[in-house]
Amino acid sequence: MRKKKYVGISSIALIVIMVVLFFSMKNAPFDDSSNQSEEQAATVTTETINETEEQTATTTNEKNNDKKSVTAMEALRLGYSEAKKQTEEEPLLISITSTDDTSIPQERSDGADGTRDAWNLEFGSKKGNVLIYIKIDNGVAITTDVKKHDKNLLEKGHYAISDIQIDSSDAVKQAVEMGMKPGNPAISDDWIKGYHFTIGGYNTDPNSSKTRLLLRVMGISPNSPNRENESLRMSIFFDAQTGEVVSATEMTGYDKDGNTMWKNIELKH
Amino acid sequence: MKLFKAVTGVTLSSVMLLTFASGAFAQPLSQVSTGTQGASVTLNGQTTYFSGSQIERLAQVNNVDPNSLREAIEAGPDADGKFSPFSKLPRLDNGISEAQLVENSKQKLSSTGESLIQPAETSITSSQFASTTIGALAATTTTKSNQDSTAYNATGNNTANGNPPKLGIVAVHRVKDITSGSTSNSPVIPFGTVLNITNVDIYLPNSGYRDIFTVDDTGSGPNRTSYWIDVYFGTDTTSAINYGVTTVSYTY
């Protein structure tokens, strides 16, 4: 008897629920379908964004995993081999500079061991009849341009690999010992992310057009305040042919006209 | 009588020879009158003198006022420690076309006689390899067309980026120089950026032609275009002055 009573109540409740559901659907607004679409669209978009973010993250990670960094000398040897393919002349170095690969997130640790994943090199010949531009990207040397001149009026190459007796890995160790800090990639105005390196001929004597082969390490001064816009930079120059530190300088700020002010750092001999 | 004829003939021949040797007939048709005084500048203990006619000719080729050019040469290095007189001078508004100024550029010679500017497609030949920018491996390439370029000599100062200067570098404006209300001393193109000049190759004194330059300095070019570049010319003052103002386009 009691069982029958429960079945009856349940049936009535079920009927009531169905009636309520029926009327609620019937009274639904006309734009329900569009709302539904928006909802769906939102869902799809979110899914897409999430998917894209995931893909980007995956790609970035893959890139980071694939990031192959080399020292200045390793880059120089790679570049030299590539330059040899472009000319019968002996390729002589004009300059080599590490650069930022902005397609990959930069890290504060970039260059801390003297290696970078992107380098630019310029080679010329003794005669001045060929000029070769090469980039090193993730350990691969790529010729980006070759120029030739019948009258030998291109910029001449000057330095053989054997002229360079110090590598960026050794130079950066000394730079860190002297207090140099890495550039912070989060500061967009700073072009130095981590540590950067250049080897080339500099005009160290204003009275002469002769150049001196130097290796430069660039980073941030230990005295730089933790500013959000621009840090104070620091450079240390090594004689590339002897490995000795030639000079070190740190930026101290700007004068009233906006010119950068630098001071020499006393070297400990 | 024969002796008289011979003497007269020799005399006339000598006069004609002297006239030709004096270069009276070799003067260019566009030679301007020399109403401007000469000027000299001393950099690193070396004095370079420009005569009035040289200044007038330089002013004409680059379309600037000769007296302003003379004053800019006499003024010597600026507050940045750079000698770059053409970076301070406005071009005259006298209807001279850009095409004429480009044509004038062909007359610009280095102190050792090389043409300072050559069209990128002539004389220097690119090989079959693609000519691409070798700067930072950026995802996008920026192009700056029809920008002023001038040349400067350093006076022993390091660059704004803290380096001794080297051939192959350029100076650019600071952000505050071209952006109203800005106080930023950062260069308008970041230090270390590699610029690939697309329309000309530039002859650097004691070096040779190149079309790849690195931003390593800032300068003052109050009358120049926003993305003006000042090319470092080492110690060769004559070549830097002869370079004048040259229109360049570049990518980075």
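Chain B and chain A bury about 4100 Å² between them, 47% of it from carbon and sulfur atoms. Buried area here is the accessible area (1.4 Å probe) that two parts lose on being put together, summed over both. This is a predicted model: local features need pLDDT of at least 70, side-chain atom pairs count only at pLDDT 80 or more, and totals for chains, interfaces and linings use all residues. Residues are numbered from 1 along each chain as its sequence is written, and side-chain values use heavy atoms, without hydrogens and water.

Select the contact (heavy atoms within 4.5 Å). Chain B gives 51 residues and chain A gives 51 residues.

Next, pick A:Glu155 and B:Arg210. They form a salt bridge, with the closest N and O atoms 2.5 Å apart. The rule asks for a side-chain nitrogen of Lys or Arg within 4 Å of a carboxyl oxygen of Asp or Glu. Across this interface it finds four salt bridges.

Now color β5 (124-126), β9 (200-204), β10 (208-210) and β11 (212-218) of chain B. Each supplies at least two residues of the side that touches chain A. Strands are DSSP runs (E, at least two residues), and helices are such runs too (H or I, at least four), numbered from the N terminus.

Move to α4 of chain A, residues 168-177. A:Ser168, A:Ser169, A:Ala171, A:Val172 and A:Ala175 are buried (under 20% relative accessible area, 1.4 Å probe, protein chains only; exposed is over 50%). They lie on the same side of α4(A), because they cover an arc of only 160 degrees around the axis, taken from the directions from the helix axis to the C-beta atoms. Turn to the opposite face: A:Lys173 and A:Glu177 are exposed there.

Finish at A:Gly179, which follows α4(A) and has a positive phi, near 100 degrees.

Key. Chains lettered and ligands numbered in written order.
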